[in-house]
Structure formats: C-alpha cells, structure tokens
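Subject: Structure handover

Hi there,

Here is the structure I promised to pass along, with the sequence beside it. Have a look first, and then read on for my notes.

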Amino acid sequence: MRCHAETLVGAGVGVLSNLLFPPRVGSEDAGTAIEGLAEDLARLLDTAAHEVAGDDVAGGLLAERASRWLAEARHLTHDIPNVGTVVLHAE
C-alpha cells in the first residue's frame with residue numbers, strides 16, 4: 001500500500017508543478033519564426049514594388065534590380081528549413 005501512496009504523491013507533485021510552472025510552449029517560437037520570415041518577405045516585396053513604381057525605371061536598371069531582388073529572395077529561402085523545424089517541434 002505504501003508504494004501506491006508514494007506513486008500518488010509523486011503524480012500529484014508532477015501535476016502540481018506543471019500547473020504552477022507550466023512548460024514553455026513551442027508554438028510561441030514557431031509563431032515568432034513564421035512572423036520573422038513573413039516580415040522579411042514583406043520588406044523585400046515592398047522594396048521591389050517601391051522601386052518598380054519609381055520614376056527612374058530604365059530597362060538595364062530594372063534588370064539589375066530584379067537580379068538583386070531574386071538574390072534576396074533566394075537568401076530568404078535559406079531560413080525556410082529552420083522555420084519548418086521549429087513548426088514541427090511545436091507540433
């Protein structure tokens with residue numbers, strides 16, 4: 001009977017400690033990672049839109065800018081696996 005009492009006390013302490021000091025939830029990290037990637041992508045798109053709408057858009061200059069935007073977009077894709085890992089961890 002003593003073994004059952006110790007098990008119940010241990011289980012009670014475990015439940016109580018999780019209620020008083022809840023473990024960190026991974027969904028907050030996933031949300032932060034997704035938000036960061038979305039902000040970086042939005043910044044790139046805003047920059048591209050602003051530059052395309054500008055008055056100084058010439059053929060060669062636009063091609064150069066498009067090349068830079070593409071390079072920045074490719075750089076952003078390097079973060080996608082890290083974001084995916086954080087999201088999987090949160091699940």
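Please keep in mind while reading that the model is a predicted one. I begin with Glu51 since several of the contacts below run through this residue. Its place in the chain is helix H2.

Which residues does Glu51 meet? One partner is Arg65: the two form a salt bridge whose closest N and O atoms are 3.9 Å apart. Because Glu51 sits in helix H2 and Arg65 in helix H3 (residues 59-77), this pair ties together parts that are 14 residues apart in sequence. Both Glu51 and Arg65 are buried.

A salt bridge also links the side chains of Glu51 and Arg68, with an N to O distance of 2.7 Å. Here again one partner lies in helix H3 (Arg68) and the other in helix H2 (Glu51), so the pair ties together parts that are 17 residues apart in sequence. Arg68 has a relative accessible area of 36%, and is therefore partly exposed. Through shared partners, the salt bridges join Glu51, Arg65, Arg68 and Glu72 into one network.

**A pair within helix H2**

The structure holds 4 salt bridges, and one that may interest you is between the side chains of Arg43 and Asp40, at 2.8 Å from N to O. How far apart are Arg43 and Asp40 in helix H2? They are 3 residues apart there, which means a separation of about one helical turn. The two side chains also count as making a polar contact, at 2.8 Å.

Are these two residues buried, exposed or something in between? Arg43 has a relative accessibility of 47%, so this residue counts as partly exposed. Asp40 is partly exposed too, because its relative accessible area is 28%.

**On the surface**

Leu16, Leu20 and Phe21 make a nonpolar surface patch of about 360 Å². Of these residues, Phe21 is placed in the loop between helix H1 (2-20) and helix H2 (26-53). Phe21 counts as exposed because its relative accessibility is 63%.

Glu91 is another residue to look at, found in the segment after helix H4 (80-90). With 75% relative accessibility, Glu91 therefore counts as exposed. Which residue 64 positions away along the chain has its C-alpha atom 7.6 Å from that of Glu91? That residue is Ser27.

Of its 91 residues, 10% count as buried. Glu51, at 16% relative accessibility, counts as buried, and Arg65 is buried as well.

**The overall fold**

How many helices and strands does the chain have? There are 4 helices and 0 strands, and read along the sequence the pattern is α-α-α-α. Among contacts in the chain with a separation of 6 or more, 66% come from residues 24 or more positions apart.

The pLDDT averages 81 over the chain, and 85% of the residues score at least 70. Where is confidence lowest, and where is it highest? The lowest mean in the chain is in H1, at 73, and the highest is in H2, at 88.

**In short**

If you open the model with a few things in mind, I would pick these:

- the network of Glu51, Arg65, Arg68 and Glu72, joined by salt bridges that share partners;
- the salt bridge of Arg43 and Asp40;
- the nonpolar surface patch made by Leu16, Leu20 and Phe21;
- the 7.6 Å separation of the C-alpha atoms of Glu91 and Ser27.

Definitions and conventions
Residues numbered from 1 in each chain as written. Predicted model: local features only at pLDDT ≥ 70, side-chain atom pairs only at ≥ 80, totals over all residues. Heavy atoms only, no water. Patch = residues over 30% accessible without salt bridge, like charges linked within 9 Å, V, L, I, M, F, W, Y side chains within 5 Å. Areas by Shrake-Rupley, 256 points an atom, 1.4 Å probe, with all protein chains shown as cover. Helix = DSSP H or I, 4+ residues; strand = E, 2+ residues; numbered from the N terminus. Buried < 20%, exposed > 50% of the residue type's maximum accessible area, 1.4 Å probe, protein only. Contact = heavy atoms within 4.5 Å. pLDDT = per-residue confidence, 0-100. Polar contact = N/O pair within 3.5 Å; in protein donor to acceptor, adjacent residues only side chain to side chain.
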